[in-house]
Amino acid sequence: MNSKPKKIKTNSEPNRGSVLKLKGKRVITTSPRHPHKGESNSHSSHPRRQFTPPTVAPKSTTEDSDIIYGRHPVLTALENQRELNRIWVTSRLRYDPRFHNLILQAKENGTVIDEVDPKRLDQITYQANHQGIAAQIAPYSYIELHELIAQAKTVNDPVIVVADGITDPHNLGAIIRTAEAVGAQGLIIPQRRASGITSTVVKVAAGALENFPVARVTNLSRALEELKEAGFWIYGTAADASEPLHTVSFRGPIVLVIGSEGEGLSMLTQRSCDVLVSIPLLGKTPSLNASVASGMALYEIFRQRAVNTLYLDKLPKPL
């Protein structure tokens, strides 16, 4: 006779629990689980697993309350009386002649000044090159489009840059820095699917945003139409455009539209442009970085204006 033990299932839970030997047979039993308060007995055969969700550390920087660091960006913000919520500074730099009076003035305006050691700044900036100072800036204050147009038209032949869907804050910051440096009057960015003015943009712009207005619009095509009505000519950059950059005559009020890093200008934006221009490339690289393309296009615009400008002090004196 086969004496192989048989498995007997109990009512409490199948095939679970300790093993008891009883007269040559193996009986599998389970010890009853006592339900917790608020748990019914009907579910006692299916014990609940306790799960604790992972703790997510809160972000230290956001677009609305951001951190800038480094001597030049913070110094520029202080000199232009940018609204700062808090400043972290080392004792050595706090009493530096370049910073001391400006920090005192910021304190009078309500900025909290924290004198900290370099290790604390390492924590705040995530080991970035803070150079002994960091600041928490208030939300960036965008200018309205009609205000930007009115402000730009106070100069002869203004230039406004439009960034169509630039998502990389490093590219956006580089575009702002170049545009302000060559003499453009402002920047327009869309509200959706594009980078806003974050601490990274402020850092890369290297102080240019303190003197360079930025407008943020909900409908870019409508904004371009408004610029046309104000007398601006719209030039868009596109890799497959038929007009090489150096063959176009840039005159009058100009809007230069730069496309996103991967897709370039959207078709809707291209239809809103008066002229599409391209930068001739002779190498095997098919395209340029957005900030590089904007720098080359802006340089060509202002180069043509410099060539067409008559400098009276350079004219030869009559004999």
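Me: What is the strand order in the open sheet of seven strands, and which pairing does the sheet have?

Reply: Strands (E, at least two residues) and helices (H or I, at least four residues) are DSSP runs numbered from the N terminus, and two strands pair if DSSP finds at least two bridges between them. In this predicted model, local features need pLDDT of at least 70 and side-chain atom pairs count only at pLDDT 80 or more, while totals for chains, interfaces and linings use all residues. Residues are numbered from 1 along each chain as its sequence is written, and side-chain values use heavy atoms, with hydrogens and water left out. Here the open sheet of seven strands runs in the order β9-β8-β7-β12-β10-β13-β11, with parallel pairing. Because β9 (214–217) and β11 (243–244) each have a single partner strand, they stand at the edges, and one side of each is left without a neighbour in the sheet.

Me: Over how many bridges do strands β10 and β13 pair?

Reply: Strand β10 (residues 233–237) pairs in the parallel sense with strand β13 (residues 275–278) over three bridges; T237, for instance, has V277 in β13 as its bridge partner.

Me: Which strands does helix α5 lie across?

Reply: For such a packing one looks at contacts (heavy atoms within 4.5 Å) and at axes, which are lines fitted to C-alpha atoms, for helices over the stretch in contact, with angles from 0 to 180 degrees between N-to-C directions. Helix α5 (residues 145–152) lies across β7 (159–163), β8 (186–190) and β9, and runs at about 160° to β8.

Me: How many salt bridges does the structure hold?

Reply: A salt bridge is counted when a side-chain nitrogen of Lys or Arg lies within 4 Å of a carboxyl oxygen of Asp or Glu, and the structure holds seven of them. In one, the side chains of E225 and K228 meet at 3.7 Å, N to O; these two are three residues apart in helix α8 (residues 220–229), and so are separated by about one helical turn.

Me: Which residues form the nonpolar patch on the surface?

Reply: A patch is made of residues with over 30% relative accessible area and no salt bridge, like charges being joined within 9 Å and nonpolar side chains (Val, Leu, Ile, Met, Phe, Trp, Tyr) within 5 Å. Accessible areas come from the Shrake-Rupley method with a 1.4 Å probe, and for residues only the protein chains shown count as cover. L281, L288, V292 and M296 form the patch, with about 290 Å² of accessible area together. L288 lies in the loop between β13 and α10 (290–307) and is partly exposed, at 33% relative accessible area.

Key
Buried < 20%, exposed > 50% of the residue type's maximum accessible area, 1.4 Å probe, protein only.
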